[in-house]
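Subject: Structure for your files

Hello,

The structure is below, followed by notes on what turned up in it. Please keep them together.

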Amino acid sequence: MQNCRRCIRLLGVVRQPHTHCLRPSLSVASDFRRLHRSTLQFSRKRPETNVSALFKPVQVQANADCEDVGSELVGKLEKAELLKILNKFTQRREIKSLCSENGLDAYLQQQAFGSFRRYCIEAENLPVDLHITFSDITQGAGHIDDIFPYFLRHAKTVFPHLDCMDDLKKISDLRQPANWYTNARAITRKIVFHAGPTNSGKTYHAMERYLSAKSGVYCGPLKLLATEVYNKANERGTPCDLVTGEERKFGISESSPANHVACTVEMTSVNTPYEVAVIDEIQQIRDPQRGWAWTRAFLGLIADEVHVCGEPGSLDLLQKICETTGETVEVRHYDRLTELTVESTALGSLDNVVPGDCIVCFSKHDIYTVSREIEARGKEVAVIYGGLPPGTKLAQAAKFNDPANSCKVMVATDAIGMGLNLSIRRIIFYSLIKPTMNEKGEREIDTISVSSALQIAGRAGRFRTQWEHGFVTAFKSEDLQTLQRILAQTPEPLKQAGLHPTADQIELYAYHLPSSSLSNLMDIFVNLCTVDDSLYFMCNIEDFKFLAEMIQHVPLPLRARYVFCCAPINRKMPFVCSMFLKVARQYSRNEPITFEFIKNNCGWPFKLPKTILDLVHLEAVFDVMDLYRFMDLFPEAANVREAQKELDEIIQQGVFQITRLLKNTEASQDGEISSYAMRRVTHVKEPRLPSSTRGRLTERLLAQGLLTPGMLSELRKEWDAQQVGSASTTAKESQESAVDSDDEDNFSGSGRKLRKKRRK
């Protein structure tokens, strides 16, 4: 109980340990009642949420006193008699009332009573003051309520938050986030809102001001957009650096940083002064996962001029936020530069696809299905979806945009909604149903939002391209009326901006609650925080917590743990998650994460994918390389980025031949694993899995959208056929191996160039 006594002396709450002639009485309990009635009533403020359940009890070690001084003074205590006293103590209504006044609700009382009972029964030597109190009660010289000060002392050791709840609430008071950024509040910023739909030139005008300024920062939603600005600025003679979560490129040199920076919004510096700042896609401020980054940039950028680009529906919210900062918003409205027409008939069939069409799907399964069906009709397809590397997306876009290229049709997800310049004649919504994440982090399937529909549809008919008149329609006739109704609406005005606990705030929480895990600290913060819900909301933290729990057993400093958990990890990809854990362990041992470490764990050297499973694995490897971001223990960033570029090119080749990958996937056996999945580290092809394991694999492939019931039926037929004649199977496998070799040689010239590069 040494720690308890130190806290007692500091707080002056419980009297110093006393001898047999100085005995506590009910007056002590009365002192507690008066002292804490006004300061520790937090449990009454949030009756609707069981916040107390989030606080994990700290284990209290028994036998704090080496010598049994209490027994020497007043004799030994009978454990059976002691248990009776404790049980009677915990049942008293007056004691429960005192507990409530001191912040112990029913949940905490139960936990604390149990811990105190175990402590008293299991301890060989109780603290002398508590020992004497128990002795007085057994002899009739004391009242059972005299135990309360000692119980409360124990409860505050088990639940340290009882002594710091007011501090925790102050730390998590988020009602005035504008005040967090004192440097931004110290200057008078000019806020300019460029409001308009897609293809209206709003971002163009903001960028012109950015490029002409003496210094500037561009904050974009995607690495792709930041890279585009970086390239454009340097091409126009304005030296510009690129800063993303994974890398930094220099417009001049590493020793001479440029005055202009293009970055992803999460990497925005709120400590560097600029003449002009541009925040793109400001409507993302409402995003349940990433909205906090736009809020931070809008409130914290130190810039004479802050140019904000986005949907007109963002204006009201921005003006209300600026009222809290004492700033005004200058609004510049833009109209769409080209005509956009919603067609009166649906596409109906893929036979009706014409050059310039883009079919928008909301799942990888639909992407694969539609791509294959279109190519079966003799038309080349460009494919873009969110999991592809930036270089692959750009290559597919360039292929589609090039009038001289034979590829005239695109199949894409809503990833085309921002960040790519595409020459699209007509947008075709293959479906209007899209998986989304609600505020609680739960996955929902719902009709596409008005904002998303307009953002995607607006990609048709781009200014100064061969298709200046855009068209929009649905694939299914039953969806057309719904689509027309959605596109006739205007997006709902934004109501709230996202917030997220900062690393500094969580470190302060950890100071007060040193025994709590990072995931637990985040939970407590979110449940205790006070937010002005007329302007802000707390962003979803489920992905953050998932990563925090995954590496909880890895010894890391809190700040490093926090940064690790901010990594953009797809938690549905087991390989990425396992590599995340390996990197965290290596970092915790203070061992450098070398290029050799990455190669050994990611299946270097990379080979051209033969199946969709191979392609999916290569995309996962690319995501793993994005984890290479801590420069102190990640010394070979240049080598990793070079390998990542090569991997990007290999993935490009796979996407160019996506139909062939689909055919190879169908031709492979259900019990087989793709070459990449089996040789991630060992580089040795594993034998075929037994048939008993095929059920789990099949379910996983179906769940990931890599197999359809039709494909599964064909695979079963092939499996049965192979069981009849193993000799024919062997011959077939040899033939397939030769075909695969031919397939690799049939890839474009860049593929051969890559193989030569790897040989070197």
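Trp-180 counts as partly exposed because its relative accessibility is 29%; the classes are buried under 20% relative accessible area, exposed over 50% and partly exposed in between, with a 1.4 Å probe and protein chains only. Tyr-181, at 14%, counts as buried. Before going further: this is a predicted model, in which local features need pLDDT of at least 70 and side-chain atom pairs count only at pLDDT 80 or more, while totals for chains, interfaces and linings use all residues. Residues are numbered from 1 along each chain as its sequence is written, and side-chain values use heavy atoms, with hydrogens and water left out.

Aromatic pairs

The search of the whole structure gives 14 aromatic pairs. One of them joins Trp-180 and Tyr-181, with 6.3 Å centre to centre and 55 degrees between the planes, and is classed as tilted. For a pair, the ring centres of Phe, Tyr or Trp (its six-membered ring) must lie within 6.5 Å; planes under 30 degrees apart count as stacked, over 60 as edge-to-face and the rest as tilted. Phe-89, Phe-113, Phe-116, Phe-148 and Phe-151 make up one aromatic cluster.

Salt bridges

There are 31 salt bridges in the whole structure, taking a side-chain nitrogen of Lys or Arg within 4 Å of a carboxyl oxygen of Asp or Glu.

- Arg-290 and Glu-266 pair with their closest N and O atoms 2.7 Å apart. This pair links distant parts of the chain, 24 residues apart: Arg-290 is in the loop between strand 6 (273–279) and helix 13 (291–300), and Glu-266 is in the loop between strand 5 (260–264) and strand 6. Arg-290 is partly exposed at 25%, and Glu-266 is partly exposed at 26%.
- Asp-351 and Arg-377 meet at 2.4 Å, N to O. Asp-351 lies in the loop between strand 9 (340–342) and strand 10 (357–360) and Arg-377 in the loop between helix 15 (364–376) and strand 11 (381–384), so the pair ties together parts 26 residues apart in sequence. Asp-351 is exposed at 51%, whereas Arg-377 is partly exposed at 34%.
- Arg-559 and Glu-507 have their closest N and O atoms 2.9 Å apart. Arg-559 belongs to helix 22 (residues 558–565) and Glu-507 to helix 19 (residues 503–512), and the two are 52 residues apart. Arg-559 has a relative accessible area of 36% and is partly exposed; Glu-507 is partly exposed at 31%.

Shared partners also join Glu-343, Asp-357, Arg-425 and Arg-426 into one salt-bridge network.

Six strands form an open sheet with parallel pairing, in the order 9-16-13-10-12-11; two strands pair if DSSP finds at least two bridges between them. Strand 9 and strand 11 are the edges, each pairing on one side only. From one strand to the next the twist averages 20 degrees, with axes fitted to C-alpha atoms, for helices over the stretch in contact, and angles running from 0 to 180 degrees between N-to-C directions.

Strand 9 runs parallel to strand 16 (residues 470–474), and three bridges join them. Leu-340 has Gly-470 in strand 16 as its bridge partner. Helix 18 (residues 477–487) packs on the sheet and touches strand 9, strand 13 (426–429) and strand 16, contact being heavy atoms within 4.5 Å. The direction of helix 18 makes about 130 degrees with that of strand 16.

Regards

Technical notes
Helices (H or I, at least four residues) and strands (E, at least two) are DSSP runs, numbered from the N terminus.
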